[in-house]
Amino acid sequence: MTTMTYLEAGKAALAEEMRGNPRVWALGEDLGRGGVFGQYRGLAEEFGAERIVDAPISEAAIMGCAVGAALAGTRPVVEMRFSDFALCAVDELVNQAAKARYMFGGQSKVPLVAREPVGMWRSSAAQHSQSLESWYTHIPGLVVVMPSTPADNKGLLKSAIRCDDPVVYMEHKDLWGLEGEVPGGDEHLVPLGAARVALEGSDVTIVTWSKTVHAALDAARSLAQSGIAAEVIDLRTLWPWDTETVYASVWKTGRLVVAHEAVTVSGFGAEIAASVGEECFGGLRAPIRRLGSPRAQIAYAPPLEDVLRVDAAAIADAAAALIR
């Protein structure tokens, strides 16, 4: 095990995959200087400008180039800088990458990874702070991944690069500095579609992902002081999502809270709640609760920004209310 940050773990994953497979390369804006957050620092010096490619400021051109390169047999890692900016490349990602395998009768594949940093990062305001994961879970052909720990950021990114389908890979900007133990070796892989039981419990299930996992764990520790044992499930992959692990937990606890930073309305929590309602209704002992951001723009001012956050206190209150 090695202690490293979330950012360093992602960089290590990409470097290992590039060393092991000459068809893996990265492109995007600012990569030559290490990326906006430093997540590519040193890679241009090791791999050269032909594999760490600086691109002009056009997300549509970057994604279009990557789709063509993936169809031609390479495995591009596409840096979008912010998930908000990736909206400029949605046509290439959604109408081309996601549909190519189907429209060509299985004769082609598009093994690209679109890295889209997400989430609220202090005072980044409405155009740099969104969590848009539910948009992509709606699109057939896309895999959607949201790691919450350094170990998962390494293992999931390596699995995403090896996946033969396009992967939307969403790293939370506020986790870059998070430190944790990361397994060494090139073969540390976390399978896509497998959730992680971050904390076992018997009274209420809390399902979440990305940065909100850490708020949920804090909530569970607070609940434990009141004698409530919460089970925290880190979904890790939103599509495909691990229904088996979630359903088993809900049948055990009889209660479900789904928490995420994205807007509550049409958030992926709604999909989980509906699915659990259909498949586990007989085991529910209380209504399902969803927690997410209000349907409002993300403010620049810190006090207003904080109103939109789903924190440990809100999660703990929701879970305790289900027990009552």
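1. Helix axes are lines fitted to C-alpha atoms over the stretch in contact, and the angle between two of them is taken between N-to-C directions. The note below concerns a predicted model. In this model the axes of α3 and α4 come within 8 Å and cross at roughly 25 degrees. Angles under 35 degrees count as roughly parallel, and α3 and α4 are therefore roughly parallel to each other.

2. The residues that bring α3 and α4 together are A60, M63, G64 and V67 in α3, which meet E92, L93, Q96 and A97 in α4. Sorted by class, this contact has five nonpolar, two polar and one charged residues.

3. The largest nonpolar core has 46 residues, of which M63, L112, L235, V246, I272 and V276 touch the most other members. Two or more residues are given to this core by each of β2 (24–28), α3 (59–71), α4 (90–97), α9 (243–253), β13 (256–263) and α10 (268–279). The largest contribution comes from α3, with six residues. In general, nonpolar side chains in soluble globular proteins tend to be buried together.

4. The crossing of α8 past α12 is right-handed. On the α8 side the contact is made by T212, A215, A216, D218, A219 and L223, and on the α12 side by A312, I315, A316, A319 and A320. These residues divide into nine nonpolar, one polar and one charged.

5. Most residues other than glycine have a negative phi, and most peptide bonds are trans. The peptide bond joining W239 and P240 is cis, with omega about -5 degrees. P240 lies in the loop between β12 (237–239) and α9.

6. S210 is not a glycine, yet has a positive phi of about 55 degrees. This residue is placed in the loop between β10 (204–208) and α8. Buried means under 20% relative accessible area, so S210, at 3% relative accessibility, counts as buried.

7. R236 is likewise not a glycine and has a positive phi, here of about 65 degrees. The loop that holds R236 runs between β11 (230–234) and β12. Is R236 buried or exposed? At 10% relative accessibility, R236 counts as buried.

Note on methods:
Residues are numbered from 1 along each chain as its sequence is written. This is a predicted model: local features need pLDDT of at least 70, side-chain atom pairs count only at pLDDT 80 or more; totals for chains, interfaces and linings use all residues. Side-chain values use heavy atoms; hydrogens and water are left out. A crossing is left-handed if the near helix is turned anticlockwise from the far one by less than a right angle, and right-handed if clockwise. Helices (H or I, at least four residues) and strands (E, at least two) are DSSP runs, numbered from the N terminus. Contact means heavy atoms within 4.5 Å. Ala, Val, Leu, Ile, Met, Phe, Trp, Tyr, Cys and Pro count as nonpolar, Asp, Glu, Lys and Arg as charged, and the others, Gly among them, as polar. A nonpolar core is a set of buried Ala, Val, Leu, Ile, Met, Phe, Trp, Tyr and Cys residues joined through side-chain atoms within 4.5 Å. Buried means under 20% relative accessible area, exposed over 50%, partly exposed in between (1.4 Å probe, protein chains only). Axes are lines fitted to C-alpha atoms, for helices over the stretch in contact, and angles run from 0 to 180 degrees between N-to-C directions. Angles under 35 degrees count as roughly parallel, over 145 as roughly antiparallel, 65 to 115 as roughly perpendicular and the rest as oblique.
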